[in-house]
Amino acid sequence: MHAPLGATAVPDNRPQTQTGPLAIEARGLVKRFDGTIAVDGVDLMVPQGAIYGVLGPNGAGKTTTLRMLLGIIDPDAGVRRVFGHERPHDIARLIGYLPEERGLYPSMKAYEAIGFLGALRGMTLADAKARGRRLLEEHGLGHAAERTIRQLSKGMAQTVQLLGTLVHEPRLVVLDEPFSGLDALNQGKLEKMIRALAANGTTVIFSTHVIAHAERLCEGVAIIAGGRVPYAGSVDAARDRIPAQVRLETEARDGPWRAALPADARAEGKYWMFSLPESGIEPLLRALIEGDAGILSLSIERAGLHDAFVHIAGEAAARALEEASPAEQAR
Amino acid sequence: MTADAPHTPMSRLPLAQAAFVVARRDFSAILFSKAFLFFLLGPVFFGLVLIGSASIGRKTAENAEPPVLAVMLAPEAARAFSAAHDRLRDRVDLPRIAIVEPAAAPSPAAVLGQADANYGAVLSGTLAAPRLTGTRERLERWRGPVALIAANALDGPAAFPPVTLAETATSQSTQKRARGDTATAALTLMFLLTMLLAGMVMSNLVEEKANKIIEILAAAIPMDAVFIGKLFAMLGVSFVGIAVWGGIAGLVLTLGGGALQPLAPPAVGWPLFAAMFFAYFSMAYLLIGSIYLTIGAMAPTVRDVQTLSLPATMLQLGVFFLATYSTSSLGSPSEMVALAFPLSSPYAMVSRAAQEPALWPHLAALAWQALWVLLFVRFGARLFRRRVMKSGPAPTSRRGFLRRARS
């Protein structure tokens with residue numbers, strides 16, 4: 001369904017390779033605010049039809065990066081292309097954007113607010129309002145269509161804004177921290193909606209500081225910390241950055257077989273923990289059996305995105321991520 | 001969702017259309033807001049300010065170009081009258097005088113009607129039986145001084161000679177002053193409207209920044225379109241307001257009939273003057289509105305708006321005073337400055353339209369102002385685009401994060 005993600009880590013600023021058509025291509029984006037570097041040489045390649053996450057702690061440069069990609073602000077250096085266009089406003093009708101700080105006119109009715117957002121993206125106001133009503137019905141908010149935004153609950157207003165982001169049927173949807181402020185139920189609904197968009201060929205890129213969302217939804221991810229992107233590529237490739245961990249339990253605590261364990265093997269309680277050897281597990285198994293280690297249990301655990309994040313961005317960035325929303329990280 | 005959507009490769013809302021989307025929203029939102037009700041109450045404040053400024057304007061006009069007493073006596077008597085005037089003027093407040101040959105005009109009324117002079121009244125007859133021709137107000141003010149000068153010229157008789165009064169409906173001086181009042185009223189109205197609107201458009205923008213809507217607009221359409229849309233929406237709102245006020249004023253004048261004394265007809269006539277007022281008002285608003293919008297874009301909070309807009313408000317007041325001052329001195333260097341300076345030019349020209357019938361200067365002035373409007377809007381929009389979204393996370397918190405990340 002989706003184009004393969006050919007991107008790999010680019011800590012050394014090598015260009016990412018990409019075979020499929022790109023929705024977004026950014027190279028060397030730099031942005032300074034009053035002399036402070038907010039984004040420092042960001043490279044991104046987002047294939048068309050992908051769900052792509054921009055993962056990083058608050059203040060890492062996620063929003064600034066997205067704003068540059070959308071043409072809201074211009075980069076001080078670097079190139080960005082959205083569907084091949086260097087000026088994103090030229091293809092504004094193809095893009096839907098949900099900013100982190102939600103905003104709607106408080107005195108507008110729900111369907112009018114969606115209509116206005118549609119009109120901004122090139123629909124006629126009448127069509128956009130009519131579609132707004134339909135979308136509200138489809139998402140169980142038909143009863144709120146005539147209510148003003150200030151009369152809606154926060155969650156309902158957020159849904160209205162999201163529908164306004166999608167009313168013109170964009171080919172690229174950019175969501176800045178879309179899950180923030182939503183309860184678990186609405187987060188689940190939003191995840192479903194994102195998957196449905198991607199299933200229809202829409203490219204979705206969203207920023208988040210919650211690793212679980214990126215891990216569940218994204219094929220591709222850019223890890224951003226301190227304005228830099230130390231990794232951009234597939235989620236699988238990110239996880240593969242860390243060798244799988246082997247957990248071994250043996251009857252014997254010592255013996256000649258111990259010489260076969262990798263150098264990083266360490267005892268943790270009754271287990272031996274070590275990285276999966278590059279030669280694979282088979283030679284080790286043979287050595288354990290021949291050395292009468294008495295294998296009680298053996299499991300190979302692949303690294304999660306969180307471990308990959310720590311490995312790539314560093315402990316400090318990971319701590320900042322967790323400090324931002326410990327509850328959400330736990331979900 | 002998008003597979004069958006009818007998108008063209010280049011999908012961009014044209015600038016004018018994008019500006020229209022913003023303007024339409026703003027226009028309807030403001031029209032049905034409380035702010036518009038306050039805007040409609042504007043004439044009340046206008047009335048109060050007008051009374052004050054008209055009296056200042058009249059005083060300024062009289063000081064700058066006081067009406068002159070035309071002395072239309074026989075040469076011998078005129079010389080004696082002038083000599084007596086010279087003797088007395090240091091001790092008594094007397095009107096300025098000008099000697100007019102009796103042969104130069106068929107009657108005192110004709111002298112009063114001379115467009116190139118500023119005669120308030122005409123003295124004819126003899127020194128012993130002076131005859132004063134002019135408007136009632138002027139006759140009341142000058143009959144005493146005329147009798148005093150005439151008595152002095154006659155070498156001090158026991159009693160002042162009786163002054164015969166010949167009242168006329170108007171004089172060139174009275175008409176000038178009345179047109180000056182019309183000019184002052186027009187430019188005061190224009191000043192109040194532009195101030196009110198510029199403030200409203202700035203508040204509207206700051207509110208939008210506070211509501212975080214500006215980012216959605218910035219992502220969808222060029223910021224130039226946001227700038228232009230907001231500017232013109234408020235102009236449209238003002239036209240509605242003016243239409244409402246105009247309708248009410250027309251109704252009051254119709255019902256009030258002769259009991260009310262409306263302003264003197266402007267030199268170019270009412271229909272043309274109304275058209276010019278709209279044109280100059282639009283120019284004045286677009287110029288100051290673009291300054292205020294740019295300030296709104298640069299100010300992150302309402303408090304910052306107040307601080308940043310203070311110089312603009314002072315500038316606007318300066319422009320108003322310059323234009324009011326130059327109302328009474330057409331052709332003077334101060335008026336030339338007021339005409340040339342883009343922000344005061346609309347005010348100075350509307351004042352001119354009230355007092356001078358020539359039309360060609362208006363074409364030149366409108367072209368000049370349109371050029372500045374274009375420059376102001378373009379520069380304002382550019383600055384607006386640069387500054388309105390210049391809001392990354394606070395540098396301190398970023399530095400804090402970086403410290404953590406490096407530790």
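How many strands form the open sheet of chain A, and in which order? There are 4 strands, in the order β11-β12-β10-β13, and the pairing is antiparallel.

## About the model

This is a predicted model: local features need pLDDT of at least 70, side-chain atom pairs count only at pLDDT 80 or more, and totals for chains, interfaces and linings use all residues. Residues are numbered from 1 along each chain as its sequence is written, while chains are lettered from A and ligands numbered from 1 in the order in which they are written.

## The sheet in chain A

Strands here are DSSP runs of E with at least two residues, and helices are runs of H or I with at least four, numbered from the N terminus. Two strands pair if DSSP finds at least two bridges between them. β11 (266-268) and β13 (295-301) of chain A stand at the edges. Each has a single partner strand, so one side of each lacks a neighbour in the sheet. From one strand to the next, the twist averages 25°.

Look at β10 (residues 245-250) of chain A. 6 bridges join β10(A) to β13(A), and the two run antiparallel. Glu249(A) stands opposite Ser297(A) in β13(A).

## Two helices crossing in chain A

Helix α2 (residues 110-120) and helix α3 (residues 125-138) of chain A have axes that come within 7 Å and cross at roughly 130°. Axes are lines fitted to C-alpha atoms, for helices over the stretch in contact, and angles run from 0 to 180 degrees between N-to-C directions. α2(A) and α3(A) are therefore oblique to each other. Angles under 35 degrees count as roughly parallel, over 145 as roughly antiparallel, 65 to 115 as roughly perpendicular and the rest as oblique.

Residues are in contact if their C-beta atoms, placed from the backbone, lie within 7 Å. Among those of α2(A) are Ile114(A) and Gly118(A); the α3(A) side includes Leu125(A) and Arg131(A).

## A helix pair in chain B

In chain B, helix α11 (residues 302-327) packs with helix α13 (residues 345-355) at about 25°, their axes 9 Å apart. That makes α11(B) roughly parallel to α13(B). Val319(B) and Phe320(B) are among the α11(B) residues in this contact, and Tyr347(B) is one of those from α13(B).

## Domains

Domain bounds come from an automatic or database domain assignment. Chain A has domain 1 (22-239) and domain 2 (245-301). Their C-alpha centres are 47 Å apart.

Chain B is divided into domain 1 (15-59 + 174-390) and domain 2 (68-170). Here 45 Å lie between the C-alpha centres.

Conventions
Contact = placed C-beta atoms within 7 Å.
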